[in-house]
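Hi everyone, thanks for coming.

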Amino acid sequence: MTAQQTTVRLPTGEQAPALGQGTWEMGERAKTRNAEIAALKTGVDLGMTVIDTAEMYGEGESEKLIAEALKDRREEIFIVSKVYPHNGSEAGVKAACERSLKRLQTDRIDLYLLHWRGGEDLEGVIGGFETLKAQGKIRHWGVSNFDTEDMVELFSLENGNRCATNQILYNVARRGPEFDLLPWLRERNMPAMAYSPVDHARLPKQSVLNDIAQARGLSAMQIALAWVLQQPQVMAIPKASTLAHVIENAAARDVKLSTEELNLIDTQFKPPKSKRPLEML
Ligand code: NAP
């Protein structure tokens, strides 16, 4: 039994694991390939079955790595991939999806996201996603790096409210989305997917996270990850290419931070008092 929420609820009612694995910067170096494959497999063994990738990551190399590591475990995993905004048209997303399916060596992507806003034809993207869904090539679609006003625009378009998630930069040091974006998503029963949940390993070296970690015999990264998992309807997709980090991250699900610990975290990593534009990595 873990202490944290182990799943989030997609708008369709389907449950998805709250903790997954990112793969940005993986699959790009022959020297680290075997270690990365071992890390991904171990993560799945430990229940981190949401695997996040994108056509952008290593220009497809991350998707190929996932196929190599996990194609014989397809039924166990929930694959998330993303399409570039420059492929953001009805025909563009369909073609990009075919290429991703080929690299992933699978017949379906569980969740397919528009990676960020950048000159796309949003109506065309929705149309393409809906067609791919009807064809069984994707099971859900969503967006990434959409601020609240982008979500409002999305929902004003036909079928825009069929979006399953918004993948955003969110962690203890980047709390802007708490002001309006996370409440907006929760009101619509839509989970957020927190990327860079340990801030791309750039959290301050000394912080209250270390104090809490030391008192519990854990690492500061585990406290940072447990903090994200403790936010309702938030998934987290840490990337770890080393076994030790994967094992640590999986164990963060067993950490439930107390009210005192959460208050202490707020003293250093302050919640937003006003709107902050959504940050992006
Ligand atoms: P992250 O997961 O916050 O941090 C990854 C870094 O933290 C790596 O250097 C990793 O090291 C290290 N790390 C992980 N667990 C650790 C632990 N327990 N102890 C110490 N260090 C640890 O950052 P991210 O990779 O930027 O974000 C995660 C995933 O989100 C990405 O991989 C990608 O799938 C997705 N993402 C999406 C977007 C978007 O625009 N939608 C943007 C950024 C990221 P090792 O690799 O050496 O283990």
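**The ligand and its pocket**

Let's start with the shell around the ligand: its largest share, three residues, comes from helix α9, which covers residues 243-251. Keep in mind that what you see is a predicted model.

How many residues surround the ligand? There are 27, and the closest are D52, S196, H200, S241 and H245. If you sort that shell by class, you get 10 nonpolar, 12 polar and five charged residues.

One oxygen atom of the ligand lies 2.8 Å from a polar backbone atom of K239. As for cover, the ligand taken alone exposes 900 Å², and the protein buries 90% of that.

Next, the space itself. Which pocket does the ligand take up? The space it takes is the largest pocket, and about 650 Å³ of space lies in there.

The lining of this largest pocket counts 30 residues, and those nearest its centre are W24, S196, H200, P238 and K239. By class, the lining of the largest pocket has 14 nonpolar, 12 polar and four charged residues. And helix α9 comes back here: three residues from α9 make up the largest share of that lining.

That's my tour, and I'm happy to take questions.

Technical notes: Residues are numbered from 1 along each chain as its sequence is written. This is a predicted model: local features need pLDDT of at least 70, side-chain atom pairs count only at pLDDT 80 or more; totals for chains, interfaces and linings use all residues. Side-chain values use heavy atoms; hydrogens and water are left out. A residue is near a molecule or strand if one of its heavy atoms lies within 4 Å of it. A polar contact is a pair of N or O atoms within 3.5 Å; within protein, one must be able to donate a hydrogen and the other to accept it, and residues adjacent in sequence count only if both atoms are side-chain atoms. Accessible areas come from the Shrake-Rupley method with a 1.4 Å probe; for residues, only the protein chains shown count as cover. On a 1 Å grid over the protein atoms alone, a cavity is a set of points where a 1.4 Å probe fits but cannot get out, and a pocket is an open set with protein on both sides within 12 Å along at least five of seven lines; lining residues have an atom within 4 Å of a point. A molecule sits in a cavity or pocket if more than half of its atoms lie within 2 Å of its grid points. Helices (H or I, at least four residues) and strands (E, at least two) are DSSP runs, numbered from the N terminus. Ala, Val, Leu, Ile, Met, Phe, Trp, Tyr, Cys and Pro count as nonpolar, Asp, Glu, Lys and Arg as charged, and the others, Gly among them, as polar. Grid points are joined across faces, edges and corners, and a volume is the space filled by probe spheres set on the points.
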